[in-house]
Amino acid sequence: MEGLLGLLMLGGIIAIIVYYTNKRKEEKQQEEARMEEARRIEEAELKEKWDRKTKELLENGLPIINCSNLQLTQNELCHFMGNACFCRVKQQTVGYEGGSRGVSFRVAKGVSFRVGNYRGHYVKQDITEKTDGVIYLTNKKIIFSAIKNSSVIKYEEIINLNVVENMLQIQTEKKTYLFQVVDDFNFMVILDHVINKPEKEVF
């Protein structure tokens, strides 16, 4: 009798676990669907804004900024100036989570469950070091000016451009740069226009 009661209790526990697991799965799927719809709307709005700004640049030309503090070459013009951060991502140990032996539940004679047992481990986290400065776009290169980590990136050196977690990732054959630009939208539209248009259209 005690063994049967234990099996019934075990079956009840399993049924409860399955119910709440399925419920959490369903709630997660609904939340993912809502997030996907919000993402689609945001992307559509961003594309419309991007197209409007691109049309404006095609009609009126790129802005030309007088930057007397920049050493520009012949026929080089500055088209963007804004505040930015140079970012360097490092992984650091930020703590330690101790292990747990868990809790044991006896459901019948000779039958028990142990839950919550796990080993301790070090907790690592990506730390982003930032250097404030000013970033410029010319028709020939990207310039980041700061007390340290100043950079000059010529467009012909760039092999890949990505946006990663709100940071612009610029990859060359020798180095990868990460920047956070305050006016990131105008920066990206102008950068795209400069890189993808013939030089005669840039001036």
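Me: What counts as a strand in this model, and from where are strands numbered?
Reply: The model is a predicted one. A strand is a DSSP run of E with at least two residues. Strands are numbered from the N terminus.

Me: Which strand holds Thr 131?
Reply: Thr 131 falls within residues 121–138. That run is strand 4.

Me: How many helices and strands does the chain have?
Reply: From the N terminus on, the elements run α-β-β-β-β-β-β-β-β-β-α-α. The count is 3 helices and 9 strands.

Me: Is Thr 131 buried or exposed?
Reply: Its relative accessible area is 10%. Buried means under 20%. Because 10% is under that cut-off, Thr 131 is buried.

Me: With which side chain does the side chain of Thr 131 make a polar contact?
Reply: Thr 131 is in contact with several residues beyond its neighbours within four places in sequence, among them Phe 86, Phe 144 and Lys 148. Asn 149 is also in contact with Thr 131. The polar contact, side chain to side chain at 3.0 Å, is with Asn 149.

Me: What phi does Asn 149 take in its hairpin?
Reply: The hairpin is that of strand 5 and strand 6, with 5 residues between the strands. Strand 5 covers residues 141–145 and runs antiparallel to strand 6, with 4 bridges joining them. Asn 149 takes a positive phi, near 65°.

Me: Which residue in strand 6 stands opposite Ile 142?
Reply: Strand 6 spans residues 151–154. Its uncovered face has Val 152 and Lys 154. In a regular strand, side chains alternate between the two faces of the sheet. The covered face has Ser 151 and Ile 153, and the residue opposite Ile 142 is Ile 153.

Me: Which element supplies the largest share of the lining of the largest pocket?
Reply: The largest pocket has a volume of about 400 Å³. Strand 8 (167–172), strand 9 (176–181), helix 2 (184–196) and helix 1 (2–60) each give at least two lining residues. The largest share, 5 residues, comes from helix 1.

Me: How many residues of the lining of the largest pocket are nonpolar?
Reply: The lining has 16 residues, and those nearest the pocket centre are Leu 46, Val 163, Asp 184, Phe 185 and Met 188. By class, 4 are charged and 2 are polar. The nonpolar ones number 10.

Me: What share of the chain's residues is buried?
Reply: The chain has 203 residues. Among contacts between residues at least 6 apart in sequence, 59% join residues at least 24 apart. The buried share of the residues is 25%.

How values were computed
Residues numbered from 1 in each chain as written. Predicted model: local features only at pLDDT ≥ 70, side-chain atom pairs only at ≥ 80, totals over all residues. Heavy atoms only, no water. 1 Å grid on protein atoms, 1.4 Å probe; cavity = no way out; pocket = protein on both sides within 12 Å on 5 of 7 lines; lining within 4 Å. Points joined across faces, edges and corners; volume = space filled by probe spheres on them. Nonpolar A, V, L, I, M, F, W, Y, C, P; charged D, E, K, R; others polar. Buried < 20%, exposed > 50% of the residue type's maximum accessible area, 1.4 Å probe, protein only. Pairing = 2+ DSSP bridges. Polar contact = N/O pair within 3.5 Å; in protein donor to acceptor, adjacent residues only side chain to side chain. Contact = heavy atoms within 4.5 Å.
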